[in-house]
Amino acid sequence: MSVRRFRSDVSAAAEKAASGGIPGVTSISRGDSDGEVVVTYRHANLPRDIRIQALAQDASEYPDGNMFMLFTEGDDTPAAVTDAMAKAQDYLIGTRVCQMATELARRIEDALTRFQEDGDDVEMTDMEDGDDAAQYDAEEHESGDDEDYDLDSEIFGLAPSQARSPTSTGPVSSPSASAQAMRRRLKRDLRQVKEAGYKVSAISGLSQYSSRGILSMSIRVDRLGLSDEALEAWDVDETDYIVLLVRFEDPYTPLEQIAGLPASQYRVGFRIGKCDRYKPGALHASLAFQSGRAGVREATETSDEDPTPADAPFRKLLISNSLDQFMNESFLSLLKLRAAHGCSWDQANDMLVSNASWTAEERELNLKTGSASGALHVDPASEDHEILTHDHLQDTEPAAGRSFPLIAMQFAMRRFVKCTEFCLRCHRRLEKGFEALRPYVCSDPLCLFQYMTMGLGPNIEHEIRTEPYAVDLLVGLCYSAIQPRSSQGRSQPIVASQYPIRDFPVGLRIQVPNISREAIAANGLKARVRADGQRFCLYFEGEQWTHKHFLQPNQWLALPIPGQDSFQHGVVVYASPNFTYVEVQIMARSGVPAPAAATPDPTLDEYIAAVVLYNTDLDTLETAVKASVMSHVLDTLPPIPDIEAWLERCPQSSWRSMEGLSPAAAGLLQWIVSSNRSCIRQVDCPPREHEATSGEAKRNRQHERIPGMDGWMQFRFAQGSPDKELRFNRALQEVVARKPSAAQNPTIFAWHGSHLSNWHSIVRSGLDFQDVRNGRVCGNGVYFSRDFYTSLGYLDVCARRQWWPNSVLKVDNCMSLNEIINAPDEFVSSSPHYVVSQLDWHQCRYLFVQTQTKGKGRRHEPAPASKLSTKPADTNPTADSFHPQAKGLEIHGPEGNPLNIPLAAIPSRILPASGAGSSGGGQLTLHSLMKPSFFQALNNDNDEEDVEDIELLSSDDEVDQDSPDVPITPGIFGGPHGARPLTPASQASGEGVMTDFVPGSLDLLTIARMPPPSFANEMATRTLGRELKKLQTLQAKTPVHELGWYIDFDSTDNLFQWIVELHSFDPSLPLAQDMKCAGITSVVLEVRFGKDFPMSPPFVRVIRPRFLPLMNGGGGHVTAGGAMCMELLTNSGWSPANSMESVLLQVRMALCSLDPKPARLQNTNIITGDNNRKANWNDYQIGEAIDAYIRATNAHGWKVPEDLRRTATGV
């Protein structure tokens, strides 16, 4: 699918370039090899067009897992262009062809414009035009955004000046004094984080030579003391870790220097989430900073093996989107405001939001009096716990002694723990009136709009994973609400007043197909449709191409089915260059009848139809058409369990990237979930044959179930919409204050029944009496009844039902159990029904649903206990387990008996303050969310830190007295040379009998190591970094005997020189037999890379043992000097598309080749003792390898790389 999509995108980009849609790009075409794209660029300042080749390194993973490699054929390409190409390289991960060409052209245009303005060749930087950071030293601030592979040149043994200056000469063996000083400061700052009670880890980077990279700080959830109710609402477990990832894109800058920089100038990124360990794996941490790209997947997604503890995934929290955005956009600005004005975080945010500044008098007044938003708001339950209340910025020590990472972590944890107290969008403190369970937004209309449109509201993935049946219910209720009340079929004329739905989605820019008959007749594209299974071929004739720019790959469209009021919905997978032929993959079917799966009519092999594009803004449609279109689009929405299963398989992917899910259906699902601001929990699970979902297995809510409601599935409103909950709480306190008699039982319960189509609006805005459906005999107000069957009669059970076809529940009827303020004498009527005119006096607490899943009247059994993992249900409930009801005002169920309402089901904020019988008007703060065992959890964190993280925090003055008396050279991945734990693959059980090779046994001190080269450039360095990381990942998860090669990554301190051991050869090979006789277990290779890699090949030679020369009967493609004789390793056979994994595989295959002769060792009596003693070896030398390589290459007529000697010698 990805390769086909890549080819389709090339065709689409070619069409756009040909029409002038990409400035500067005159043409785009496919290259000579698979995955190659040729971009032709033209500019007035260039003497000729430049032909740029973009090579997709992994077209099978296109676009999300692919990146493009850029190069040109000519040697006369201007330096400004090559610099722009090199810098664009880092931004082409996960991009599509058209995006790649556009970004490339933009950067070249900027580079040429700057070149012309400056009048000479200038050093290009990654900074955009107009960035204030341009005035600072580019060598200190330049870095790529691709942190996937820890690619900083400095990490790989290159000092900062060498990494950026191709003209510098001479090796550098130690970091500069300034780099050492900055590393000491970073380590000191991180020790303060550790001393404050958090765990610290350097995920990537932050080496001896670099203070760039990703830092992890974390704390275990049970140390935050959150209640079980809060943990469940926020979907975190006690044993989870809350993790703050900090990515330093610039060298680490201390707090006192940050205060003097513009906030936009210091490039630092934040991500907050949760993890099973105190730190996530490096790959997962890197992917967290790419989460904006749709479809990014974890490395373990397709693996059948369980990830190791070190590869713990980094998962989003309920508020990750909001808090990530807040910290990335505002944290540095807030920090500077606090430093400048001496105010609190809340006061600084008020200033930032209002774009205001205080005079000295105003500052003194505000800090003296404080404000509702500016106080520290220390809660009683946490006032003694330094982790939650300590403010490092208020410490008495000078700014030079304060830790920037600690301040960031304290800010993030305070915002997480108190997330329900702040608006999710403007982040101002909310009006205090009740203790919310989940975060929400303030009353500002803009915040409410962005809550639903910018992804700052409910995390859809979270909702689907934790409450799949609640999401199914919401979609089903919406579907019912957009069906006309009196229509018996969609062919009858319908007016707007016939629709139960009150508010349609507005301003979401959802592009839908206008399937009204008038629109199809006027705007439909006539096509001859030929069906071939799920693939439809469309043939167009005539002048219809005003829409040609819409008929691109991935465009959704609808095809009417002849003779039916239904449509096939599909996505374009191919469009011919002249747009006369289009291939469409059918994804779903809508209309009457609408089957659960997309099933093309087998009797219609070919017909004429009017194609309807998804190109109409939903807002522009009339009400009747809008409702009809929404119904058809929801028909295409996959079942919620299918989306949940897909998210389980692809945990790091955006749900919107699921195949078969149209952007229109995704937009409607986003609106349906986000516009419901109530917290609805599924108490029951419907009968099913399949295993319990992850959401079912995680939750056991039987203690919240109301007994005696057989045949009804139960949902509980853990919290109503925040604004209505606030008004209810205020009204409750007001009534209790003036009616002391109501303090004993401040609320009563009653039923309300209504037609299924009304519940979409009821769930969102609450019950009102705006519409009259059943008369008002007892007066104006909302009608309730204590008798179950009285309210049941208002369900209109004989009315026509049309449920969402892909629903698991197939909801038939709904009834609510409502909490009402206990003041019947103030009702409009209290007999025979409660008629309440005060809209703020009642709240829905339970929703009882009758479904078609197992037939009417059948009991919906809860999930089996074996499937549930949390606290068990109370099988012997007592009176203390139920909420006390006012005598004589009890609620009755289907059997006519009073119902017992679980105490756990009532929101804690309205519970009596001093026992069940006292007033329920007390307000609660964070104290209600804190556990009694809060402080007992402080010592339960038993996740031991890794050795490298302990070393990270050690003082630079600390010396290991037991360390060997040998020079310690820092490796790329942090450790010194010498013995170290083996890689995971080498410890696999059973490998000892399958190979005699022992990883890590090679003494690298016996091998000459060249210093870091002076010619290192950015493109070669980054490419080698990616290759090395790929090999490290592969080696870590592959058994040693299966891989056949080994690299000691911890000892690789020069990116341009690799030492590789080939081992575990087939015992039947003469080479393997000779090695066994000689007592050796591996062939040691050296791989050296030049400045032009990957444009030029690496130089590969054998170091030891010596092989029998070809003239003496040897083979294996090893020359007399030890160099490999392979066309692949010359300019004649090399391709930039070759990966180093394939190179190692082909070298190994060459050594195993029996044609023309098998490889043999020159001497099989090498070892007489310690196989690591240098005196025992007669290694090949680099000089003889170069000479032998040149002789063999010339003899075959191959082309020798121009920089061979420089590559081989490193100078």
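Two strands pair if DSSP finds at least two bridges between them. Helices (H or I, at least four residues) and strands (E, at least two) are DSSP runs, numbered from the N terminus. This is a predicted model: local features need pLDDT of at least 70, side-chain atom pairs count only at pLDDT 80 or more, and totals for chains, interfaces and linings use all residues. Residues are numbered from 1 along each chain as its sequence is written, and side-chain values use heavy atoms, with hydrogens and water left out.

**The sheet**

Four strands form an open sheet in the order β1-β2-β3-β4, with antiparallel pairing. β1 and β4 (68-72) are the edge strands, and each pairs on one side only. On average, neighbouring strands of this sheet are turned by 25° against each other, direction ignored. Axes here are lines fitted to C-alpha atoms, for helices over the stretch in contact, and angles run from 0 to 180 degrees between N-to-C directions.

Strand β2 has a partner on either side, as the table sets out.

| Strand paired with β2 | Residues | Bridges | Sense |
|---|---|---|---|
| β1 | 25-30 | five | antiparallel |
| β3 | 50-56 | six | antiparallel |

Individual partners can be named. V25 has Y41 of β2 as its bridge partner. R30 stands opposite V37 in β2. V37 also stands opposite A54 in β3. β1 and β2 make a hairpin with five residues between them. In that turn, G35 has a positive phi of about 80°.

**Burial of β2**

Buried means under 20% relative accessible area, exposed over 50%, and partly exposed in between (1.4 Å probe, protein chains only). Six of the six residues of β2 (residues 36-41) are buried, so this strand is largely enclosed by the rest of the structure. In a regular strand the side chains alternate between the two faces of the sheet. In β2, E36, V38 and T40 point one way. V37, V39 and Y41 point the other way, and all of these residues are buried.

**Helix α2 over the sheet**

Helix α2 (residues 79-88) lies across β3 and β4. Its direction is at about 170° to β4.

**V193 in helix α6**

V193 is found in helix α6 (residues 177-195). With 0% relative accessibility, V193 counts as buried. Contact means heavy atoms within 4.5 Å. Neighbours within four places in sequence aside, V193 is in contact with Y198, V200, M217, S403, P405 and L406. M409 is 216 residues away from V193 along the chain, yet their C-alpha atoms are separated by 8.1 Å.
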